[in-house]
Amino acid sequence: MTVKEAVRARTGSAYEVRGGDGSRDEGEYTSPGTSADTPDTPAKAGTVDTPATVAVGRAAQELGLRRSEFELAVHLGLIAVTAGPGGGRPRVHEREVARLREDPGFPDGLGERVRTVGTAEGAALLGIVPARFTRLARAGCVSPVTFYLNRYRVVVWLYLADELASFAVREPELLAGRTPLWMRTLLEAGGDRRARNWRSQRIDRLLKRTTDPWARAAVEASALDSAHLAEVVEDPYERAYLARVRPEPVFGRPGSVAAKETMGELMLADDPDEILWRRINLTLGLDLAREERPAPHPGDDPGARMAPAPDSTSRVAPPQALPVVETAPPLASSAEETSSGVREPGGKRLLARLGWRRRSDG
């Protein structure tokens, strides 16, 4: 039996790991509640027909998912949702539910792709002891997709079971034998890449939800503390605008005070090279955003300065293998690898700015 088959054979035990509270994803997210679904209001005469939608709770039920699993599927880009009328609670198009139900692997396929496991069950799935699994996770070989706080307010990382199966097939030599020298060196120095990898994947998914350059810059800015942000974005009105247009997860931020504090700490880059990488991305993003339109200042004409708010609709993205370890491209090639494209003439100016900041960081 292959590792992936073993993973799928254990589907029934996943609920014991996830627990029955359905609120463990992303630091005990408090998601919008759902009431009994009511029929959609018929379109008025002379208006364009809008696709019929259902409430999130009903969509999750029809797809055979718990609420926390449904929210994770949206976060991963597996399910598309749309904002409710007047910016209300997210809803799901009936045709989206039908599309997922028509999948040949439904319902087990979708449920397996959002199944999460902790350290103990993850180690069991890979056939290793929990201590080795923890070392692999701290070294960045496997990346957490979400977390929750236990009764002692300690972060408990959760991993996609399907990702672990793919890792076992891809890197079988790391599951047995001596720990590689590079991993021993990193761990002995106290390295832990779990938060960094979670941060990187979260940022990547938020970037996929918008094409607005200011919103994309705001996502990059979310990984920097106030001191680093003020150095990169000197204009206080630009910083305020970045805070206003920053996309958030579809189902909001954690509800409890402890979860909010933990989320705030985990979102900030804490390693020098990661901080530098985020500053580079933010600097490049700001250049593009300023070319698109300037940030609004007091007294400006809102119609002339401000573009419509970024589309908050989550779009379905083809399932992709999540990156295991975030590695920053060389500094000289960072401008070439940005998805939005960067002007070549500005590269020299950018490098000079980043060179000064790199010295200040170090």
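Mentor: Rings of Phe, Tyr and Trp (its six-membered ring) pair if their centres lie within 6.5 Å, and the pair is stacked with planes under 30 degrees apart, edge-to-face over 60 and tilted for the rest. By that rule, Phe147, Trp157 and Trp198 are linked by ring pairs into a cluster. This is a predicted model, in which local features need pLDDT of at least 70 and side-chain atom pairs count only at pLDDT 80 or more, while totals for chains, interfaces and linings use all residues. Residues are numbered from 1 along each chain as its sequence is written, and side-chain values use heavy atoms, with hydrogens and water left out.

Trainee: How many aromatic pairs does a search of the whole structure find?

Mentor: A pair of aromatic rings is described by the distance of the centres and the angle of the planes. The search of the whole structure finds five aromatic pairs. One of them joins phenylalanine 147 and tryptophan 157, edge-to-face, at 5.6 Å centre to centre with 70° between the planes. Because phenylalanine 147 lies in strand S5 (residues 146-149) and tryptophan 157 in strand S6 (residues 155-160), the pair ties together parts that are ten residues apart in sequence; strands are DSSP runs (E, at least two residues), as helices are (H or I, at least four), numbered from the N terminus.

Trainee: Is phenylalanine 147 buried or exposed?

Mentor: Buried means under 20% relative accessible area, exposed over 50%, and partly exposed in between (1.4 Å probe, protein chains only). Phenylalanine 147 has 0% relative accessibility and counts as buried, and tryptophan 157, at 9%, also counts as buried.
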